[in-house]
Amino acid sequence: MRPKQLPARDVVYGDLVRRYGEDSAFKQLTHAVAAGLGLMVLEVSTAAGAVLAATDESVFEIKMDSYARQSKIRERRDTEKVLHGLIHLAAAALGFPRPDDLANDTYIGRISVEQVDGMVREACRILDERAAAAEANNDPPADAPELEQAWRAYARRPAAAATKDGRLAPDTTRGMVARALRFLADQGFLVQVGTEQGGTYRTTPRYQIQVRELAADLAFEELLALGVLEVADGGGTLRATISDTLQ
């Protein structure tokens with residue numbers, strides 16, 4: 001319930017995590033209490049603590065309206081929901097672009113606001129080319145992938161624009177990405193490590209566990225299948241083949 005709390009920083013929490021691993025009856029009780037609250041226990045570890053996910057209609061489920069309030073999103077239309085969904089998919093894909101990254105408990109990914117925005121824009125460009133080719137061939141796809149439903153709306157948004165006081169305008173795509181990454185940091189999924197590239201973050205074990213669940217999502221698979229990412233060797237660092245501004 002306190003996503004930034006870690007077993008290493010709290011003696012009682014650390015004892016409970018150890019008991020969960022050693023006492024099967026306590027483990028069963030933990031899952032039973034969680035289920036009664038509309039929660040699933042994804043994993044319990046000394047690195048991440050207890051990582052929970054809300055079930056459908058749980059009182060703890062974060063719905064779009066709640067996310068909009070927390071992230072100070074002005075518009076809550078369906079288009080906005082899809083755009084923010086794309087941003088979160090891109091953040092997860094950039095953080096853990098390879099299956100091995102999700103399996104390796106020591107892996108730490110790094111992402112930035114500019115990288116996430118650039119990745120989504122490159123995906124939009126690829127989808128635009130596919131749509132143009134299909135139109136030229138008079139062969140529109142019968143079952144358009146989930147991502148194709150939103151690329152036009154994202155591509156129409158300006159990437160960046162300053163407000164009168166010099167801040168990043170909230171209705172730009174980078175403004176949207178910045179809010180999304182701050183939200184993930186508030187949930188204990190990311191930790192900000194710098195302000196370059198609009199804000200740079202590292203992933204946490206809690207986020208890795210959550211993305212393992214997301215990796216089976218069709219839209220996540222579609223985004224990776226576009227081939228937008230090229231991963232550099234070693235260290236959990238990423239090089240995105242999306243624009244010169246990311247270098």
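Visitor: Through how many residues does the hairpin join β1 to β2?

Guide: Three residues link β1 to β2 in that hairpin. First, the ground rules. This is a predicted model, where local features need pLDDT of at least 70 and side-chain atom pairs count only at pLDDT 80 or more, while totals for chains, interfaces and linings use all residues. Residues are numbered from 1 along each chain as its sequence is written, and side-chain values use heavy atoms, with hydrogens and water left out.

Visitor: How are the helices and strands defined?

Guide: They are DSSP runs, numbered from the N terminus: helices are H or I with at least four residues, strands are E with at least two. Two strands pair if DSSP finds at least two bridges between them. Here β1 and β2 run antiparallel, joined by six bridges. Valine 41 has leucine 52 of β2 as its bridge partner.

Visitor: What span should helix α1 have, at 1.5 Å a residue?

Guide: The expected span of a helix is 1.5 Å times one less than its number of residues. Helix α1 covers residues 11-22, twelve residues, so it should span 16 Å. Its end C-alpha atoms are 17 Å apart, which agrees.

Visitor: Which residues of α1 are buried?

Guide: Buried means under 20% relative accessible area, exposed over 50%, and partly exposed in between (1.4 Å probe, protein chains only). In α1 the buried ones are Tyr13, Gly14, Val17 and Tyr20. Viewed down the axis of α1, its buried residues fall within an arc of 120 degrees, so they line one face of the helix. The arc is taken from the directions from the helix axis to the C-beta atoms. On the face turned away from the buried side, α1 carries the exposed residues Val11, Val12 and Glu22.

Visitor: What do the buried residues of α1 pack against?

Guide: Contact means heavy atoms within 4.5 Å. The buried residues of α1 pack against α2 (24-36), β1 (39-45), β2 and α9 (205-214).

Visitor: Which residue caps the N-terminal end of α1?

Guide: Aspartate 10 does: one of its side-chain oxygens lies 3.1 Å from the backbone nitrogen of valine 12. A polar contact is a pair of N or O atoms within 3.5 Å; within protein, one must be able to donate a hydrogen and the other to accept it, and residues adjacent in sequence count only if both atoms are side-chain atoms.

Visitor: With which side chain does aspartate 117 make a polar contact?

Guide: With that of arginine 174, at 3.3 Å. Aspartate 117 sits in helix α6 (residues 113-136). At 2% relative accessibility, aspartate 117 counts as buried. Neighbours within four places in sequence aside, aspartate 117 touches Tyr154, Ala159, Thr173, Arg174 and Val177.

Visitor: How many residues of α8 are buried?

Guide: Twelve of the 14, so α8 is largely enclosed by the rest of the structure. Among them are Arg174, Arg179, Leu181 and Leu184. Helix α8 (residues 173-186) should span 20 Å, and its end C-alpha atoms are 20 Å apart, which agrees. Just after α8, glycine 188 takes a positive phi of about 80 degrees.

Visitor: Which residues have the most contacts inside the largest nonpolar core?

Guide: In soluble globular proteins, nonpolar side chains tend to be buried together. A nonpolar core is a set of buried Ala, Val, Leu, Ile, Met, Phe, Trp, Tyr and Cys residues joined through side-chain atoms within 4.5 Å. The largest has 34 residues, and those with the most contacts inside it are Ile111, Val116, Leu181, Leu184, Leu190 and Tyr207. The elements giving two or more residues to this core are α4 (78-95), α6, α7 (151-156), α8 and α9. Apart from this core lies another, of eight residues, among them Tyr13, Ala34, Val41 and Val44.

Visitor: Is serine 112 buried or exposed?

Guide: Serine 112 counts as buried, at 1% relative accessibility. Its place is strand β3 (residues 110-112). The C-alpha atoms of serine 112 and threonine 200 are separated by 4.2 Å, although the two are 88 residues apart along the chain. A polar atom of the serine 112 side chain lies 3.1 Å from the backbone nitrogen of glutamine 115.

Visitor: What is the phi of glutamate 57?

Guide: Positive, about 70 degrees, although glutamate 57 is not a glycine. Glutamate 57 lies in the loop between β2 (49-54) and α3 (64-71). Glutamate 57 is exposed, at a relative accessible area of 65%. Glutamine 197 also has a positive phi, of about 55 degrees, and is not a glycine. Glutamine 197 is partly exposed, with a relative accessible area of 23%.
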